Amino acid sequence: MPENNNRWTSDHLMKPGGTALYGAQQRERLRQMADEVRALLREYRADLENIKFDGDKPFEARIRAFLASRPLAQLESDLRDAVNHAGKLDAEFQRRYVELPEKREKKAEKKELEKARRKGLNTARSVSTAGQLNGLSQALNEPSGDGKGVAKKAGTDGGDHTFLDFLEKRA
């Protein structure tokens with residue numbers, strides 16, 4: 001346990017392994033307390049069951065002992081729950097303060113890569129589309145086997161024709 005009058009502080013918990021150590025110590029302490037309460041509960045309940053009153057029906061003494069010792073049973077249950085909560089202390093700290101920044105960093109890197117990939121695809125698409133348009137315009141003007149280009153076969157007069165002219169003729 002840390003110095004400082006054997007008192008835990010937030011500074012102790014913030015150090016690496018602090019929450020794990022504190023959680024382990026508290027779990028052990030609470031587990032011992034729960035075991036003591038369970039033993040006391042069994043003894044107390046047994047003693048209460050032995051107290052009988054005139055006119056008791058069958059099992060009435062047992063039911064009365066159960067109801068009278070219920071707060072002690074609830075205390076034991078709460079201590080067992082506290083053992084579980086103390087065990088979750090380090091896991092929650094790790095998840096929210098150690099893993100979260102790493103997770104966010106990976107997510108940001110992934111987002112940047114995706115953004116770069118998209119930008120690269122858009123650039124590639126632009127280059128590809130421009131190349132396709134250029135290829136089509138050359139195909140329109142290049143002579144085919146009969147010596148006439150596609151634009152000339154379509155019946156357009158001489159002069160420079162554009163891809164839009166080609167599309168208008170096909171429509």
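This section describes selected side-chain contacts in a predicted model.

Two aromatic pairs occur in the structure. In one, the ring centres of tryptophan 8 and tyrosine 22 lie 5.0 Å apart. Their planes meet at 70 degrees, so the pair is edge-to-face. Tryptophan 8 belongs to the segment before α1 (10-14), and tyrosine 22 to helix α2. The pair therefore ties together parts that are 14 residues apart in sequence. Tryptophan 8 is buried, at 13% relative accessible area. Tyrosine 22 is partly exposed, at 26%.

The rings of phenylalanine 93 and tyrosine 97 also pair, with centres 5.7 Å apart. Here the planes lie at 25 degrees, so the arrangement is stacked. Both residues sit in helix α4 (residues 70-141). They are four residues apart and thus separated by about one helical turn. Tyrosine 97 counts as exposed, with 60% relative accessibility.

Phenylalanine 93 also takes part in the surroundings of threonine 19, a residue of helix α2 (residues 18-49). Threonine 19 is buried, because its relative accessibility of 6% falls under the 20% limit. Leaving aside residues up to four places away in sequence, threonine 19 touches Leu13, Leu89, Asp90 and Phe93. With aspartate 90 there is a polar contact between side chains, at 2.5 Å.

Charged side chains were examined next. Side chains of opposite charge can pair when their charged atoms come close. The model holds 10 salt bridges. One of them joins arginine 80 to aspartate 35, with an N to O distance of 2.7 Å. Arginine 80 lies in helix α4 and aspartate 35 in helix α2, so this bridge ties together parts that are 45 residues apart in sequence. Arginine 80 is partly exposed, at 23% relative accessibility. Aspartate 35 is likewise partly exposed. Its relative accessibility is 41%. Both residues belong to a network of salt bridges that links Asp35, Arg38, Glu76 and Arg80.

A salt bridge also forms between arginine 62 and glutamate 49, at 3.9 Å from N to O. This pair links distant parts of the chain. Arginine 62 is in helix α3 and glutamate 49 in helix α2, 13 residues apart. Glutamate 49 counts as partly exposed, with 23% relative accessibility.

Another salt bridge lies within a single helix. Glutamate 92 pairs with arginine 95, and the closest N and O atoms are 3.1 Å apart. Both residues lie in helix α4. Their spacing is three residues, about one turn of the helix. Glutamate 92 is partly exposed, at 31% relative accessible area. Arginine 95 is also partly exposed, at 42%.

The surface also carries a nonpolar patch. Phe59, Ile63, Phe66 and Leu67 make up this patch, which covers about 430 Å². Phenylalanine 66 lies in helix α3 (residues 60-68). With a relative accessible area of 42%, phenylalanine 66 is partly exposed.

Conventions
Residues numbered from 1 in each chain as written. Predicted model: local features only at pLDDT ≥ 70, side-chain atom pairs only at ≥ 80, totals over all residues. Heavy atoms only, no water. Helix = DSSP H or I, 4+ residues; strand = E, 2+ residues; numbered from the N terminus. Buried < 20%, exposed > 50% of the residue type's maximum accessible area, 1.4 Å probe, protein only. Polar contact = N/O pair within 3.5 Å; in protein donor to acceptor, adjacent residues only side chain to side chain. Contact = heavy atoms within 4.5 Å. Patch = residues over 30% accessible without salt bridge, like charges linked within 9 Å, V, L, I, M, F, W, Y side chains within 5 Å. Areas by Shrake-Rupley, 256 points an atom, 1.4 Å probe, with all protein chains shown as cover. Salt bridge = Lys/Arg side-chain N within 4 Å of Asp/Glu carboxyl O. Phe/Tyr/Trp six-rings, centres within 6.5 Å; stacked < 30°, edge-to-face > 60°.
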